[in-house]
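Please look over the sequence and the model shown here before reading on. The report below takes up strand pairing and then a metal site.

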Amino acid sequence: MARKTSFICQNCGAVSSRWQGKCEACGDWNSIIEEASGGGIAAAVGGKVARGARFALSGLGWQEPIAPRVATGIA
Ligand SMILES: [Zn+2]
């Protein structure tokens, strides 16, 4: 299988096929780094992934409480 290159955002993990200055997924600038991929998910299932970035999982507890509603007067 041909070796491909992926561009992975180091902030959110989004993968794109070309380099971009801004991640379209999370909007972070200069966070996309070129990484060699061994053929995608099929290769990852069959064997060890050659390279990749580890991301610590975070819970959903960071979300702000629901903001108070504002009456607009529009029915
Ligand atoms: Zn991102």
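## The strand pair

Ile 8 has Val 15 in S2 as its bridge partner. Strand S1 (residues 4-9) and strand S2 (residues 15-16) run antiparallel and are joined by two bridges, where strands are DSSP runs of E of at least two residues, numbered from the N terminus, and two strands pair if DSSP finds at least two bridges between them. S1 and S2 form a hairpin with five residues between them, and Gly 13 in the turn has a positive phi of about 90°.

This is a predicted model, in which local features need pLDDT of at least 70 and side-chain atom pairs count only at pLDDT 80 or more, while totals for chains, interfaces and linings use all residues. Residues are numbered from 1 along each chain as its sequence is written, and side-chain values use heavy atoms, with hydrogens and water left out.

## The zinc site

The SG atoms of Cys 9, Cys 12, Cys 23 and Cys 26 coordinate the zinc ion at 2.3 Å, donors being N, O and S atoms within 2.8 Å of the metal (3.2 Å for Na, K and Ca). In sequence, the donor residues follow the spacing C-x2-C-x10-C-x2-C. The site is tetrahedral, with angles of 108 to 113° among the four donor atoms; four donors count as tetrahedral if all angles lie between 85 and 135 degrees.

Methods: Tetrahedral: all angles 85-135°; square planar, octahedral: opposite > 155°, others 65-115°. Helix = DSSP H or I, 4+ residues; strand = E, 2+ residues; numbered from the N terminus.
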